[in-house]
Amino acid sequence: MCLAIPAEVIKLLPDGMAIVSIDGVSKEVSVALIEEIAVGDYVILHVGHALAKIDPDEARETLDLLRQMGAVTEVAP
């Protein structure tokens, strides 16, 4: 089974990389598969790779549902 989750692009980096936020947790990921990515875009993230851009409202709704299911948890620094 695979799980892909929504993430917001918060910073673009060189070499097809970006920093994304997943429910407030930052992670460096590859965005090389996506053309014309911008800060503020939402992407579907799987194993460190952004696979596609998605609608921001759909992303927020999915994250809310994951929170309700307990799948998204707070990570201590």
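In this predicted model, Ala-59, Leu-63 and Leu-66 are buried residues of helix α1. Viewed down the axis of α1, its buried residues fall within an arc of 60°, so they line one face of the helix. An α-helix has 3.6 residues a turn, so residues three or four places apart point the same way.

- The buried residues of α1 pack against β1, β4 and β5 (49-54).
- Turned away from the buried side is a face that carries the exposed residues Asp-57, Glu-61 and Gln-68.

**Length and ends of helix α1**
- Helix α1 comprises the 14 residues 56-69, which at 1.5 Å a residue should span 20 Å; the end C-alpha atoms of α1 are 20 Å apart, in agreement with that value.
- At the N-terminal end, α1 is capped by Asp-55, which has a side-chain oxygen 3.1 Å from the backbone nitrogen of Asp-57.
- Gly-70 follows α1 and has a positive phi, near 85°.

**Positive phi in the loops**
- Most residues other than glycine have a negative phi.
- Asp-15 lies in the loop between β1 (5-13) and β2 (17-22), and it is exposed, with a relative accessible area of 77%.
- Glu-36 likewise has a positive phi, of about 55°, without being a glycine. Glu-36 belongs to the loop between β3 (25-30) and β4 (42-46), and it is exposed, with a relative accessible area of 70%.

Terms used:
Residues are numbered from 1 along each chain as its sequence is written. This is a predicted model: local features need pLDDT of at least 70, side-chain atom pairs count only at pLDDT 80 or more; totals for chains, interfaces and linings use all residues. Side-chain values use heavy atoms; hydrogens and water are left out. Helices (H or I, at least four residues) and strands (E, at least two) are DSSP runs, numbered from the N terminus. Buried means under 20% relative accessible area, exposed over 50%, partly exposed in between (1.4 Å probe, protein chains only). The expected span of a helix is 1.5 Å times one less than its number of residues. The arc is that of the directions from the helix axis to the C-beta atoms. Contact means heavy atoms within 4.5 Å. A polar contact is a pair of N or O atoms within 3.5 Å; within protein, one must be able to donate a hydrogen and the other to accept it, and residues adjacent in sequence count only if both atoms are side-chain atoms.
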